[in-house]
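This report describes a predicted model.

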Amino acid sequence: MKKFYPIKKICCIGAGYVGGPTMSVIANNCPNIDVYVADIDVDRIASWNKKDLEQLPVYEPGLKNLIKKSRDLNLFFTTNIADSIKQADMIFLSVNTPTKIKGIGAGKASDLKWVEESARQIAKYAEGHTIVVEKSTIPVRTADTINQILLAYREKDEAISSPKTFSVLSNPEFLSEGTAINDLQNPDRVLIGGHDEMAIESLAFIYRHWIDKSKILKTNLWSSELSKLTANAFLAQRISSINSIAAICEVTSANINEVANAIGMDSRIGNKFLKSGPGFGGSCFTKDILNLIYLCDFYGLEKVAEYWEQVLKINIWTRDRISRIIIEKLFGTLSGKKLVVLGFSFKANTNDTRDSSAIQICKNLLEEGAKLEIYDPKVKKEQIENELNEKNLNSQENFRDGTWEYSESIYQSAINSDALIILTEWEEFENINWQKISANMRKPAWLFDTRNVANHDLAKSSGLLVWQLGRDLI
Ligand code: UDX
Ligand code: ADP
């Protein structure tokens with residue numbers, strides 16, 4: 001008896017931060033399977049196909065190498081969505097699912113318009129039996145929505161000799177940006193949720209090419225969908241917890257690094273995800289907790305909703321708290337002062353700026369009239385422009401006389417500046433030549449280190465005043 005559907009061709013709809021790296025790893029590990037990554041964004045696909053691998057639209061350590069090995073052999077980036085769907089035995093959905101900004105559930109629920117659109121495309125173009133795999137982070141019970149759309153088309157086509165059939169699986173992505181390739185190559189676990197045993201086996205077979213079967217978990221659809229939200233909520237909760245303790249450290253003369261180390265050695269707590277910082281960012285944490293809150297509200301679990309809401313409140317409070325400290329240390333006014341922002345991505349080793357704490361902090365400083373120079377080794381100027389909404393900068397109402405410029409050199413930007421503010425833990429910030437920097441700054445000059453990565457002793461001995469999150473008195 002046949003135990004699984006043979007998979008020869010895979011299609012992934014969405015060539016973003018999840019789709020691109022995930023499919024590169026599958027293609028590399030499964031040379032007998034052809035992988036088509038399809039996207040409506042023509043420019044993005046063109047970038048994935050560029051000869052110069054420095055121009056790939058996603059920066060991830062190790063990604064270039066995989067693309068070099070597989071592209072145009074069994075890994076293809078295309079805008080031809082219809083054909084990619086038509087020939088695929090299995091289709092991954094990796095499209096955007098941002099938080100809704102309008103209508104019912106605005107500010108909490110996910111906007112499923114891209115998922116729905118993709119499901120309709122699949123329903124229209126798929127042939128024979130197709131396994132549809134949810135990869136994007138989605139609200140619990142999205143598989144129902146996808147199923148209903150697919151079913152509606154199937155019924156319409158029942159007259160034809162070989163009707164289309166579908167199995168829907170949930171296979172949430174746990175990759176973390178900046179370490180995506182390693183996370184995909186050596187995951188803690190792979191989760192597959194579904195009702196169709198044969199479809200689950202087919203997907204498990206793909207992962208077994210490089211992952212031990214003990215790490216492949218099979219659950220029902222809803223447990224799988226909820227596990228993704230829960231994992232992200234727990235991780236985000238740890239960060240809000242440690243950031244709340246950082247604030248206590250500052251008023252009690254405790255040291256957050258020492259506290260984190262001390263509690264992390266308790267094996268029940270563990271030492272990961274205990275770094276205090278300017279608050280969590282990225283495309284998942286805030287969105288997933290909002291999703292969880294929406295779900296709780298929907299089912300009348302008011303107290304549970306309030307509980308998770310607090311994790312987000314501490315995150316926003318952390319961003320504002322840091323901005324307030326900077327303003328206070330600079331004598332309560334930033335008007336006309338030049339501040340150098342070091343790092344704009346939401347964490348190191350990625351060019352992603354979605355929900356980066358740097359956005360809120362920069363906006364706060366601009367509102368106070370600061371002249372910012374923003375430096376990030378991987379984020380492009382246009383990206384910062386999008387996030388800070390350049391148009392508003394000219395509006396007195398929004399940012400008063402604050403302005404910002406893109407910095408190409410930390411040392412150049414530091415000239416005549418009043419402060420440097422580290423917001424992302426890029427490795428190069430650990431090795432800054434503070435003597436050279438300090439010599440050119442206006443005194444009293446400050447280093448604000450929200451990630452605790454700089455060499456503070458050197459900065460101090462070079463004449464800078466230093467404020468480290470969770471360590472120095474406010
Ligand atoms: C997260 C989850 O880790 C991943 O499993 C899921 O698939 C997607 O969401 P990602 O957003 O890429 O991944 O980054 P992550 O490393 O989790 O960091 C998220 C944010 O938390 C960053 O802004 C980071 O700087 C911050 N963070 C993380 C801390 O402030 N302290 C820590 O100890 C860890
Ligand atoms: P993620 O971090 O989840 O990968 P991204 O925003 O980086 O999110 O990528 C999502 C991609 O999905 C984008 O490149 C977007 O153009 C693509 N996309 C959205 N809707 C569709 C669709 N209907 N068909 C094809 N691609 C789509």
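Eight residues of domain 1 touch nine residues of domain 2. In this predicted model, domain 1 spans residues 9-219 and domain 2 spans residues 312-468. Their C-alpha centres are 37 Å apart.

Helix α9 covers residues 221-252. With 32 residues, α9 reaches 47 Å from its first C-alpha to its last, close to the 46 Å expected at 1.5 Å a residue. At the start of α9, a side-chain oxygen of Asn220 comes to within 2.9 Å of the backbone nitrogen of Trp222. After α9 comes Ser253, which has a positive phi, near 65°.

**Ligand 1.** Helix α9 also takes part in this site: with four residues, α9 gives the most to the shell around ligand 1. Ligand 1 is surrounded by 19 residues, and the closest are Phe174, Glu177, Lys275, Phe346 and Lys347. Domain 1 and domain 2 each supply at least three residues of this shell. By class, the shell around ligand 1 holds 10 nonpolar, three polar and six charged residues.

For Lys275 the contact is made by a backbone N or O atom, whereas for Lys347 the N or O atom belongs to the side chain. The side chain of Arg451 likewise places an N or O atom 2.8 Å from an oxygen atom of ligand 1. The protein covers 91% of the 660 Å² of accessible area that ligand 1 has on its own.

**Ligand 2.** Around ligand 2 there are 18 residues, the closest being Tyr17, Val18, Asp39, Arg44 and Arg354. Helix α5 (residues 113-125) provides the largest share of this shell, four residues. The shell around ligand 2 consists of seven nonpolar, six polar and five charged residues.

| Ligand | Ligand atom | Residue and part | Distance |
|---|---|---|---|
| Ligand 1 | nitrogen | Lys275, backbone | 2.8 Å |
| Ligand 1 | oxygen | Lys347, side chain | 2.7 Å |
| Ligand 1 | oxygen | Arg451, side chain | 2.8 Å |
| Ligand 2 | oxygen | Asp39, side chain | 2.6 Å |
| Ligand 2 | nitrogen | Ile40, backbone | 3.4 Å |
| Ligand 2 | nitrogen | Gln121, side chain | 3.3 Å |

Of the 590 Å² of accessible area that ligand 2 has on its own, the protein covers 90%.

Methods: Residues are numbered from 1 along each chain as its sequence is written. Chains are lettered from A and ligands numbered from 1 in the order in which they are written. This is a predicted model: local features need pLDDT of at least 70, side-chain atom pairs count only at pLDDT 80 or more; totals for chains, interfaces and linings use all residues. Side-chain values use heavy atoms; hydrogens and water are left out. Helices (H or I, at least four residues) and strands (E, at least two) are DSSP runs, numbered from the N terminus. The expected span of a helix is 1.5 Å times one less than its number of residues. A polar contact is a pair of N or O atoms within 3.5 Å; within protein, one must be able to donate a hydrogen and the other to accept it, and residues adjacent in sequence count only if both atoms are side-chain atoms. A residue is near a molecule or strand if one of its heavy atoms lies within 4 Å of it. Accessible areas come from the Shrake-Rupley method with a 1.4 Å probe; for residues, only the protein chains shown count as cover. Ala, Val, Leu, Ile, Met, Phe, Trp, Tyr, Cys and Pro count as nonpolar, Asp, Glu, Lys and Arg as charged, and the others, Gly among them, as polar. Domain bounds come from an automatic or database domain assignment. Contact means heavy atoms within 4.5 Å.
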